[in-house]
Amino acid sequence: PFPWGTPSAVDLEATRIVAPGPEAPRFVLQFSTGESITVGGAGLVGRNPAAQPGEFVDQLVTIFDAGKSVSKTHLEFGQDSGRFWVSDRYSTNGSVVRQPDADPQRCEPGRRYFVARGTRVDIGEQFFVVS
């Protein structure tokens, strides 16, 4: 027996199998702490990152920072059309994006910054490189 009741005699056709959609590109975040993490989708980075109530993320990336210069939930990241972006989450010490061959740019909290592979992102006294 089905836990949701008896199957309807009208709906006996087999379910159509669909091919999975294209997988989003993967990015590797190489941290100044020596860790490397492969990410895909959306996520949060910090000393003890946590999503807000009702917010969904694919990954929580914890950074060890003995000096506590990195906020608990310091930065948000994600993808849009295969491009990687970061957004400062109103952290205490802010975030700086250092694109290859460009001047460093201090992030305005809550604004998304699209970053190329090879970009360094400073978060407090720590940083990571997107590859």
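Student: Where is Val 129 found in this predicted model?

Tutor: Val 129 lies in strand S11, residues 126-130. The model is predicted.

Student: Why is Val 129 called partly exposed?

Tutor: Its relative accessibility is 23%. Buried means under 20%, and exposed means over 50%. The value of Val 129 falls in between, so Val 129 counts as partly exposed.

Student: What makes a residue a contact of Val 129, and which residues does Val 129 touch?

Tutor: Heavy atoms must come within 4.5 Å. Leaving out residues up to four places away in sequence, Val 129 touches Val 28, Leu 29, Gln 30, Gly 118, Thr 119 and Arg 120.

Student: How far from Val 129 is Ala 116?

Tutor: They are 13 residues apart in sequence. In space, their C-alpha atoms are 9.9 Å apart.

Student: How do you know that S1 and S2 pair?

Tutor: Pairing needs at least two bridges. Strand S1, residues 27-31, has 4 bridges to S2, so the two count as paired. They run antiparallel. Gln 30 stands opposite Ser 36 in S2.

Student: In what order do the 6 strands of the open sheet stand?

Tutor: The order is S2-S1-S11-S10-S7-S8, with antiparallel pairing.

Student: Why is one side of S2 and of S8 left without a neighbour in the sheet?

Tutor: S2 (36-39) and S8 (105-106) each have a single partner strand, so they stand at the edges.

Student: How many helices and strands does the protein chain have?

Tutor: The chain has 0 helices and 11 strands. Of its 131 residues, 34% count as buried.

Technical notes
Residues are numbered from 1 along each chain as its sequence is written. This is a predicted model: local features need pLDDT of at least 70, side-chain atom pairs count only at pLDDT 80 or more; totals for chains, interfaces and linings use all residues. Side-chain values use heavy atoms; hydrogens and water are left out. Buried means under 20% relative accessible area, exposed over 50%, partly exposed in between (1.4 Å probe, protein chains only).
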